[in-house]
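Thank you all for coming.

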Amino acid sequence: MEKQRLKLKVNGQEHELYINPKTLLVEVIRDHLGLTGTKRGCDTVSCGACTVMIDDMAVKSCAVLAVQAEGRHVRTAEGLEKNGKLAPIQKAFLDQGSYQCGFCTPGMLMSCEALLEENPAPSPEEIREGIEGNICRCTGYNSIVRAMGAVAKGNYREE
Amino acid sequence: MIHDFRYLKPGTLQEALSMLAEWRDECKIICGGQSLLIVMRQGLVVTDTLVDIKGLNELSYITYDDGEGLRMGATTTHRAVEKSGLLKEKYPILVAVEKKLASIQVRNWGSIAGNLAHGDSSGDLAPVLIALGGKIKLGSVKGTRVVPLEEFYTGLFETALTKDEMVVEVQVPPVQPRTAVAYKKFNLIESDQGIVGVAAAMTVDASDTCKDVRIVLGNSGVTPIRARSAEKVLLGRKSGDRLLEEAGEAAAGEADPVSDIHASEEYRRHLIRVLTERMVRQAWEKAIPLE
Amino acid sequence: MKKYSVINTHVHNVDGIAKVTGRAIYTFDVKLPGMLYGKILRSPHPHAKILDIDYGKALDLPGVIGVVTGKDTLGVKQGIWRRYQDLCDEQILPVDKVRYIGEPVAAVAAMTEEIAEQALDLIDVQYEVLPAVYEPLDAIKKEAPEIHEGFERNINVTRHIEWGDVEGAFDEAEYIREDWFKCGGQAHMCMETRAAVSSYTPDGKLTVYHSSQSPYYMRGLLAGVLGLKESSIRVISHYVGGGFGGKFELDGAIFCSAVLSMKLCRPVKIVFTREEDFIATKRRTPMSYYVRTGVKKDGTFCAREAKVFTNGGAYTGMGATALYLTGFFHSFPYRWKGYRYDGYRVYTNTLPSTSMRGFGAPQAMWCSEQQIEWIAADLGLDSIEMRRKNAHYSGYEVPDQASIASCGIDQCFDVVQKWIKEKGKLPENRAIGLSAAGFMSGGIFNWFDSPYSFSSAVVTINYDGTVELHVGAQDIGQGSNTTLAIICAEALGVKIEDIKVHSGDTDHCPADLGAWGSRQTLMAGNAVKMAAEDAKKQLLEVAYAQSGFNIVYDLDIKNRWVHALARPERGYDYAELVKKAIRGKDGQRIVGRGYYTPHRKGMISPAYSYMMQAVEVEIDKDTGKIKLIDSLTAHDCGQPINHLGLIGQLEGAFSMAAGYGYLEYMPYEDGKLMNPNLVDYKVMRATEMPEVPVAEIDTYEPEGPYGAKEAGEGLTNPTAAAIGNAIFHALGVQMKECPIKPEMIVNALNEKEAKEKEGKE
Amino acid sequence: MSEPVKCPVCGKKAKTGSAIDCARHMFGTGDKPHRAWVEAQGLSFIDLLLEQATTPGNRSYVVLAEIIEKTQERLPE
């Protein structure tokens, strides 16, 4: 199988890889680049644990061919913090207890981040629709909605 | 596990069409891949060659003029439709349908042509576009042809696309006065696929009588189907409870739903009857302009 | 609520930073040098003899390193009920016979997962297909096939509870009602599917990374089936992606990876796909209930008799406990003059059933709380007042079963009554449904036959005053690391940030039965409190010696401040005391030990939580669609310890219990699960969740640390019944089967209208 | 209160001392020796169990209890 060259930026870092074109973006992120924050939890693009951002959009990285991210900027949960300082959404998750087992959290954080960048003051319904693609079995989602609401109100500033 | 394939990335539409002509039945097209990658991962779809048209920005556009009506390029994403101010004003039903389609992540990356070409009869876009009188433009090296969307679907997950053709554009006639469209899918969770779906487009004349009506049923047969006998019940008549019930019963009768773990056939017919009544009523009320 | 400095304050989860920055390494993420990837070949037949397995072609596939079948194992029949040998009936990799679709038959280890998967198709298995049976009432017939030798009529285990003069009590009753119910199964659906990495090394040591609720159980069970000593096995579960009662028995991932690793002497990783996690792990126990209840006209409860068949599936698992607990909690939270329960767990050729959050109580409440609502309606009584009249109270003795210490159920009724009154008149197609419940704080009966204390803890104070807290308790997301750190900080008198928790590693943590039955806050909490107090006592000995206070004066430490209780302002920093104490012990750190095993509390549980769930539901009469609008949870869990954790547990339990009520159906056809994926298996999502406000009732449980008791599973029990009761009040139909599908509501309404029409004629 | 009933198989004293309690103990344990003893009395353990399971009331326990009652007289003091 003829390998394909892939140049892309992940969390601000340029990468050049040679991969089989059938490789999914989530496999590049986890197996080739070793960023294990992004998880996988289903076989049918249903659970959202693999959510990352491509440019300004939240996408399910198990439903994107890695080669399609050529020249794009991919952001994963590991990229939210800036030299050790947590992003507002991360601080809100900590303070509101918006996670328990934490397996869906990286994907959930990226859905929230994308939604807030697109719509800084979302209504509770818009927040719930924004994370409708992310399944969480532990929290019952309300703590996540509270965290998003608090960030939208500006309660968690960038340091 | 996805089987290996030769990956081709055309820079222009012409390049893509010549690739399709060259590889014919050994190749498949991928754009957003939100449906295709699932079936490929399950090994249900295997292909030697994959033509990736995600990058063809020349096919990503939403334009409208009163003469030609609405034109949407094949690689336009669901989110582009959802967030389009033009559509919010001219075709609000399309924005409403997209908001409840799958998830934000799938809508960010998935394309409208990918959704339509996948041929899943429980898809949301096809019934609504058919109700709007939508057409679909197919292109190949030999040229293009425009097919009413209704005739685009030939069987379960089967379309009129020939081996060297691809969808290039979706067309919708100009907005008609005193016309409105309503759509509802029945599901347990808001953005889930519909157990059944009903779209209704109503045009009324000056006396609010039904001048033209299209009722389209989703997941009620191997393809989206027009409920023609229900439409006949309404044509030329004035709205009324008894009439709407009659239309609902007609639609339930002519549908051909399956029985599966989510709903029995009788229950699907029951839902079609209830939703047809509601959607026709809703479209009728919206079609009558507020004085 | 007493004033504490750390307990019930706004403490952040101690594992938070790792989880919100993507640094947490789950078994799913573990990679070891030279690691191979394993895949399991599964039986397509519900019941078949294995005649021969030929994996020659598989071994020839480049990249395949090894294959194992039942013949590579010791053939030990294992089970978590080690105390009863005949209930240990599962070989996981069977030697002779497969008993459910999806059961492992062989396992391949290869250089990549893809090669391992391709190799599966090259393995040729000869089966002799046997007749199969799927429903309990069919399986007990004479002509049904025998699934396990020696288990006549496929009856796996039976449980019987009885107190009082049941017949006499029924004679006293003025109104008797009989109903039949069906309770569906439910999948745990942990976000992290089953995963294990086993690494066996030439020195005979086996290290296993496993997504587990009890590393201690895994070590013990693995020793039993692999013929190793417990101490030569190390199980590591640092971060676990959810358990919910499904991850404290051996599963295909840990067993097959261990057998492969021992054969090849190389690390092997097996991770289940989501489909495997649905078809090849164990699920909540499906049950059919017959309930006969006798009451006086004024609503006084007299007698209840329940007969239950549970679909045990192919193996025992934790099914025996679920069978007992459903019968026990079917009496909760009420006093019965006469109570009789007969439970029968029947083997069938379907997915084995086991424990899942609620442990048989959601099924028990689904039947009991709805029947009680219908009885109240039949007699024209207020259903809350009827519940109140018969409810448990502090000091009540459930005859021969349990003694109730703290019980706040009465205040729960008050809170819910007030909420309903404030809600006032609801729109036409909306109604509020209620359901009371009670649950246990950990189990006492030692079915695992563990020789160790149920919970242990070690507190070690470093020179700089920071504390190492070693516990065997396992954090699977429910927040036990945080809850135990809070108890340790409070007991020792330091701050939460001084505590470093070590858990999830059998080499470094003391033995503990792990996370199940909502036991850890109470049991591990008591052990941690004891250990911290032991360490504090050693510190205060030095403080007393040095202070010269008169013997009547008491010293204490609070917020790192050593002081005399009488004059708290005169004191000094705790860190100074630590330095002196360590210097005084020839440089040895201060070590406190604690342990807990329940005594004099009967055979079931040391303490019981109580709660009342109210749910406002809107139903579309024409389509039968259900929408949850609002809810209130009145909850008594004694002294709350971990505030954020408690809110999370209750909201999470609500989402899982509501899913059991109206979303998560598991249809089977001929032993095959028809929706083993997240498109067709409906799980609660953000758009469907209502607000879940909680009213905590202030009670004190003497058996629990600082008066605390369970909050993890309790609320999984009432919510499904509350949804059923809401539908009863809104539409007047009685839903006997859960989960409720919209189609069932439409059919029930049609039947009701048909009956009314008949009535009129 | 008459002498509490002792289980003829394992000698266990029933909690409330009644023969019905002893019968329920036998069904609850359900191990081989108890099954064999019931069969030896000319009863079918499994039919008694299933009848208890499928019909309201306590008939199976009563049947077994009567036989246990008779055996008490024969037990040596």
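Which residues of helix 15 of chain C are buried? Before I answer, please note that this is a predicted model, in which local features need pLDDT of at least 70 and side-chain atom pairs count only at pLDDT 80 or more, while totals for chains, interfaces and linings use all residues. Residues are numbered from 1 along each chain as its sequence is written, and chains are lettered from A and ligands numbered from 1 in the order in which they are written.

In helix 15, residues 574–584, the buried ones are Tyr574(C), Leu577(C), Val578(C) and Ala581(C), where buried says that 20 or more other C-beta atoms, placed from the backbone, lie within 10 Å of the residue's own. Helices here are DSSP runs of H or I with at least four residues, and strands are runs of E with at least two, numbered from the N terminus. These four residues lie on the same side of helix 15 of chain C because they cover an arc of only 100° around the axis, the arc being that of the directions from the helix axis to the C-beta atoms. Their cover includes helix 14 and strand 27 (590–596) of chain C, judged by contact, that is, C-beta atoms placed from the backbone within 7 Å. After helix 15 of chain C comes Asp586(C), with a positive phi near 55°.

Turning to the boundary between chains, 15 residues of chain C contact 12 residues of chain B. Helix 3 (113–120) and helix 18 (742–760) of chain C are the elements giving two or more residues to that side.

Terms used: Contact = placed C-beta atoms within 7 Å. Buried ≥ 20, exposed ≤ 12 C-beta atoms within 10 Å, placed from the backbone.
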